[in-house]
Structure formats: structure tokens, C-alpha cells
2 protein chains.
Amino acid sequence: MALFVHKYGGSSVADAECMRRVAARIKATCGDSNQVVAVVSAMGDTTDDLIALARSVNPEPDEREMDSLLATGEMASSAVLTMALQALGVDAISMTGRQAGIRVDNTHLKAKIETIDPSRIQRHLKQGKVVVVAGFQGMNAASDVATLGRGGSDTTAVALAAALHADRCQILKDVEGIYTANPRVVPQARKLDEITYDEMLELAACGAEVLQSRAVEFAKKYNVVLEVMSSFEVKPGTVVRQEVADMENVIIRGIAADKNQAKATMRALPDTPGVAATIFKQLAQANINVDMIVQNVSEEGYTDLSFTVPTDDLVKTRRLLEPLGKSLKAGGLHFDQDIAKVSIVGVGMKSHSGVAYQMFDALAANGVNIDMISTSEIKISVIIRAKDADKAVRVLHDAFKLYIVPEGSKPNVRPMAKTAQAAQGKASPKARKAGKPTKGAKAKKA
Amino acid sequence: MALFVHKYGGSSVADAECMRRVAARIKATCGDSNQVVAVVSAMGDTTDDLIALARSVNPEPDEREMDSLLATGEMASSAVLTMALQALGVDAISMTGRQAGIRVDNTHLKAKIETIDPSRIQRHLKQGKVVVVAGFQGMNAASDVATLGRGGSDTTAVALAAALHADRCQILKDVEGIYTANPRVVPQARKLDEITYDEMLELAACGAEVLQSRAVEFAKKYNVVLEVMSSFEVKPGTVVRQEVADMENVIIRGIAADKNQAKATMRALPDTPGVAATIFKQLAQANINVDMIVQNVSEEGYTDLSFTVPTDDLVKTRRLLEPLGKSLKAGGLHFDQDIAKVSIVGVGMKSHSGVAYQMFDALAANGVNIDMISTSEIKISVIIRAKDADKAVRVLHDAFKLYIVPEGSKPNVRPMAKTAQAAQGKASPKARKAGKPTKGAKAKKA
């Protein structure tokens, strides 16, 4: 008997037809003796629709109220999936985040899970029930519902898998796994068989929308074996796991692009100690995630400070910086939404040099101008113009030969596409053993 | 300083535009110093849409899951109205039934409120906030959400008004008050200035959809002054209150029709003691509200038993009666959905005779056949064919001259319409002082 935590995203439970398909999938997983806890997102575009509704009555909705509103999407979804399971003769029960014992901190819209009391879920599992949990939410100390932020249902699933000591946490999606790049942008993108937690974290942080960073962090912390797989077909996906020795043979595992980025620049700031600390302390207190930071000296005694934030936080950032800019006597404020972040990620970077050069060279050769750069041990990110993002991803996928599949599999190499028309999931299913390039490919790198 | 409990139904909060209007109405009610608790239904057709969604995945959805699903409609609505209030600068907070301290019994879909702990609401009122409560729901002992049945938001509002010792509970609707009959069916229907709890109870039980019976019972029990009024215009509605002497001068206060009725007949039941008790005990245990019951002797030692139930309960009733019919050796089962109940209601009936005769005579003269009859001290109901329902209401409104307005007001008497095309709310706004017929009208009655 194994315990699986499944997570189904919004497009997997978009309508009654999808619900029936997911119910059948869960029933098949249960088989004779397996236990399943299913975490669901809101149906289809529900969350976006609710956000639009909120903004139509209030351009800046209160965060507590926004959470109360958004959480209803997952609650409804969990009840409907439970009904669909019962229609197939599967004993099942739905639970809200509160009922599932998920307690969160006092933040709204980006709450963090503090504790999970899985006893009620365990009681129902023992009774032979499938437990369907509303993702993306928990209850805080004020007895209010709070949501975990975009993609928070992944975090719910991983956290429950950890609390329940589940055998595996499976994230079922409308893609077959993690790809070397977004297949909608790069037709030659390959599905990976495996990826390390750290690589996945970098990719997620860099805009790969397949998994939420927090979910991967949770999985890494509690060593939850995570699998990203198709919700439509029963076949292996991409396993996210601890790094093992031979995974370093891959220099670049994948490429991500993030268009949900905005840049704020404070011009001609007096160059005195503590100015940056003042600014970023206030941004942190407002729960704004600052990503890349660049500081340049502009003229004597003055400095220019640029940083990027998620586009969603731009209004909040602007409201915070305007008075702050005045009090700090900044020469000017400038905001730019027309940017994108493109990143290459791979644990092999740790032991290979020249990767950054190769990246910048490929971009320059294709006329892509670099605005900001940031690196980590296993990642290089650049900020470029938004319009260049897709081209940059294709150029890099080609430059690092990520389309090359391992020996022993039929290759899925096609000439580089000039458009991003190819549908998602078009990568050859025969490329399942990909993830480790051939020796020939390696020799050409770095 | 006065405390008002407002209740807004689904059509009053159907979209963003409606939400803004309701928010403005609440802001106006708050004025300088009044307190408002607003109870809201789900937006527009949300509840019906959710029911349809549930049925599309499971023809007989589990009641606990149905409650979890339906309750999300009111939760979302309360958050959106709160945002709309905040957009107008009104300090406000939303609450689910659970957060509002509403504890219910363990029934689903028709849960009863057991206790209310209003302390959290009171705390927020003291802080100067408008509290927006999700109607129709509460939390049961299992920590699950349960709904109060159709129109349950009225009950939430009255129960909160009682628990908070509110000065008045105002039910704001898309009608101006309680009418002598449905104005969509009877164009001459008049708005009443006042009506007794008992009359309102009978009308509600007989299908007048303006207020839910349980809400009126609650109001009567706790002497909550109830006012049904327009959500679109600020003007007096119909006050529902204790009976005072001169209200008996009105023989018939109003007429109601209920098409949501189905008839079950068990034919040729062995006529032995305890048979009826067995049947109705099981129906009661299944929470099926049996309304009218008629028993006839069919042939020696056998009896026919007919009773009516809400159409919504027909599937459950059928499933219960089929095995029961076999075990009781009934000769046959018959179900009929093609019926309607038409009722006349008035406290004056207690002191006037001949009302029943006048009713049956008017129906007979217009070719309406009566199938079943049931009476109370202040009500007479008949079961007729569904297709005759509208005609019967018009015939009775005319026969009892309910269109006649009191002396001193300009009469709104028109010849009886042959169609039911007139829109609701067409009754003359000048008929506000109606409710007591002229002496001339009285002389012609009974």
C-alpha cells in the first residue's frame, strides 16, 4: 500500500468533463489498496475571473478580502471533484485548507504554511476515503483564510505529502513534465527525466511556470520525491530529486523566461551609507520580492539604483518609492514594465567555466541587448527587452544544444524553428530517456 | 444610534454595478452614526449554476459536498461587497457563517441554526466597521459548513438581528414589499404596508417567494421587526409584525401560488393501523417536508394515500417509497409533478365565515378543478393542475377584490388582465396605504 498526494491544476479541472477524467485517474491510482490525497486548484480561469471581479468594484482590493474571495475557487473545486469521485463509486470527502489542518502565518495573498495537523485527513484515509483538499489556502491565527500566492496549490500538495509521509507527490499537469525550455517557444524542447531540487528552484524562480519555488523548497527540505507528469496520459513524467553524482554531467538543464518582471530605477540618489538598506527594508516589509539589484555610480556623490520586482507588485512598489524618493532626495524615479528575464540553469555549471561567456556571445550575435545580469552557482540570468525574450530562449536552446537527446534514444532534432507556433507537449514522447547529453554533445560545450 | 441588519438577495448583488449600488445604500444607512450588518446571498444565478455544475458530475450529489460547494457563493459575495464598501471609504470586513459565530445542527442542505455567538461581529461593530456576513450558511459540530436551504440568507439576517438585538431587520429586494399576489401574474396586485407574522408565514409556506418561512418564524419568536423593501429606491416597504386588533378587518391579505409541488400517491394500501405512521416517520427521518395529506378509502380493507412534497424532494421520496410500497404491499405508486398549490391567507378569516365557499365557487365558475384541499385558521389551500395556477390566482384576486385600495388613496383599479405579461413592480406606488379594504369592499365579502 502506497500513499500518493496528487495535485491537479486549474486546467486539469476546468470543467465537468475534466473533473470526470481526473476522478477516473485517481480511481485508477487507488487500485486495490493505494491511498490518495488529491489537492486541487480552482477550476479553469476561476482565479483570474475572481481577481477581475474584485478589481471591478475596487481597483486596490483589501488583501484579507481578496483572500476570502480567491479561496472560494479551490473550495468549490474540491467539492466538485469529490462528487465526481463518488459518482464513480469512490468513497471520498472534500476539505478546505482549514479542515485539512493547514495553519498559515498572518500574511495575506502570500501566506506561508506554519504547521499542518494531518489528523483529520489521516482519519479519513484510514476509513478508506480519498481526501480532496482545496489547495492554495490555509487558516491563520485570526481564524481567517489566507492564500499562498500563485501556484500555491503545489505548495499545499508538497506540504501535505511531507506531513503525511507520502510515498510520492505527483503534480499532474497539461504538460508531460519539465522541459529544457517552454515547448510553446522552442519546438525542439525536450522533456527531462530528472532534475535536481536546486535546478528546479532556479528554473521556477526564473519564470518556468511548471512548479512554484516554495513547493520545491518544501520538497527539498523534507526530501519529498516530486514528480511532474501529464494529467491526460498515464506515463512517467519528470522526477525532481536530490542531486546525485552523474547529474553534474549536464551543464545546462534548462532555460526559463519570465515576462512578469518590472524594473524600478531611482536616479541620482545621494551616495550615503544606509540608503540602499532603507529602501530594501521598506520593500521587504511590504512583502515585495526584489529580484535583481544593480547599483551604478552616476556622478560625484550620486548613484543610480535599479532593481526588478514582479509586475504584480509594481503598483505597491511605486506607491512606496514615491514618498521614499522624496525623503531620500532622489533625482528621479523610473519604472519599466517592458522587460523580461531569461535564465540558463544547470548544476554542471559549478564544474564548467565559460558558460557565461557562451551565453552573452550567443545573445550578442543575435542582436539581443543585455540590460542587467545576475548569477548564482548554477544559474545565469539576464534582463533584456520583453520583445526579445522568445528569440533569446531559442538562441540559447540552440547554442547550448539542449535539443540533443542521449545515445540509445531516437533523436528529436529538428532545424530551429523561426516561430513560436508549436503547441505545448509536441516534444517527442520517445525522448523520455533524455536529460543526459551524449559525450559528443558535452565535448562541444563550455 | 441604531443597528440595522440588511439582507441583500442574489439579484441585488448580481454584478459589480449592483455591488456598488448596494455599497452606496449601506453607506447612506450608516449616515453619521448608525451601525449596519449586511447579510448577502450569492451573486445572481451563482447558486443555480453551482447546482447545475454539481449535477453535471454527479446526478445525486452528496449533501455535505453540495453544502461545501454552495456555501462558496455567499463567501465570495460577502468579500466582493466588502471591497465595494471599502472603495467608498467605508470601513468594512467580511465574514463567513463560521466566522460570524453561526452554529448549525448536523443536517445538510436544510440545516437549522442552533446558536449564534455574535462576539466577533460586535467587536468589529464597536470598531466602527460595517460587517458583511455570508448568508445561508453556518458551521456544524463536525466543523463542516452546512447551508440553511433556499432563501436561507433571510434566516441568517433575522437570526443575527435577534442575536445582536438590532433595531430592525430589513430585507432589501428587487420588489417594493409584499403584494396581495405576485404582480407578474396579477397586474392589479397591491403592495401591503403591513402584514402579520402569521399571515406572512402562511404566504411563505404557500409559495410566496418573498420571504422564507423559517426567517419569519425566527422573527416572530424573537419579535424582530422585519421590513421587506426595495433595494433600488429608498422608500418604506412592507412591515411584518405582531397582529394588532384592526388587522383582522382584512379577510384576505394575499394569495400565493406554489408550482414547486409534487404529489405522491400510494394506491390500495392495506388499511391497517400504523401504516401511515410508518410512511411519514420514514419521510420525516429523510428530512422530506410533507405538506398536504389526503387519505381515501378505495375498496374494502384498502386505502389510497396521497401527499405533496417539494419537487426538489421528489427523487428522494421516490427512492424511499419504492421499497416501502413493496414491504407494505401497496397496490401501486403514482407520482405527479404537474400540480400547483394556490392559497388564500388572512387573519380576518378567523372571524368571517363563507370564505372557503367563495373560493371554491370562484374557481369552479372559471373551470378550475380542485384536487386536494387543506385549511388552517387563517389559510385555505387547494391543489390544482399546474397549468391553471396563474388563472386561479387572478380569479381569486378578483373574487376577493384585493385590488381595492383604502379610501383616501387614488384607486389603482383596472379591469382584470387576461394575460400575465405585466412586469413585477407595476403596482401603483400611490397604493402605499393599502392593506385595509374600504367598508364598501368589506360589505361585499364573505
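## Two loop residues with positive phi

A:L109 sits in the loop that links strand 4 (102-104) to strand 5 (113-116) of chain A. The model is a predicted one. Although A:L109 is not a glycine, its phi is positive, at about 70 degrees. Most residues other than glycine have a negative phi. A:L109 has 18 C-beta neighbours inside 10 Å, so it counts as partly exposed; the cut-off for a buried residue is 20 or more.

In chain B, the loop between strand 6 (130-134) and strand 7 (137-139) holds B:F136. This residue, again not a glycine, has a positive phi of about 80 degrees. Is B:F136 buried or exposed? B:F136 counts as buried because 31 C-beta neighbours lie inside 10 Å.

## The largest nonpolar core

The largest nonpolar core contains 253 residues. Which of its members touch the most others? They are A:L81 and A:V158, together with B:L81 and B:V158. In chain B, at least three residues of this core come from domain 1 (3-173), and at least three from domain 2 (182-192 + 241-446).

## Around A:L81

With neighbours within four places in sequence left aside, the contacts of A:L81 are A:V13, A:M19, A:V22, A:A23, A:A38, A:V40 and A:V132. A:L81 is also one of the residues that touch the most other members of the largest core.

## A separate core

Another core, of 12 residues, lies apart from the largest one. Its members include B:A264, B:L305, B:F307 and B:V309.

Methods:
Residues numbered from 1 in each chain as written. Chains lettered and ligands numbered in written order. Predicted model: local features only at pLDDT ≥ 70, side-chain atom pairs only at ≥ 80, totals over all residues. Core = buried A, V, L, I, M, F, W, Y, C linked by C-beta atoms within 7 Å. Domains from an automatic or database assignment. Contact = placed C-beta atoms within 7 Å. Helix = DSSP H or I, 4+ residues; strand = E, 2+ residues; numbered from the N terminus.
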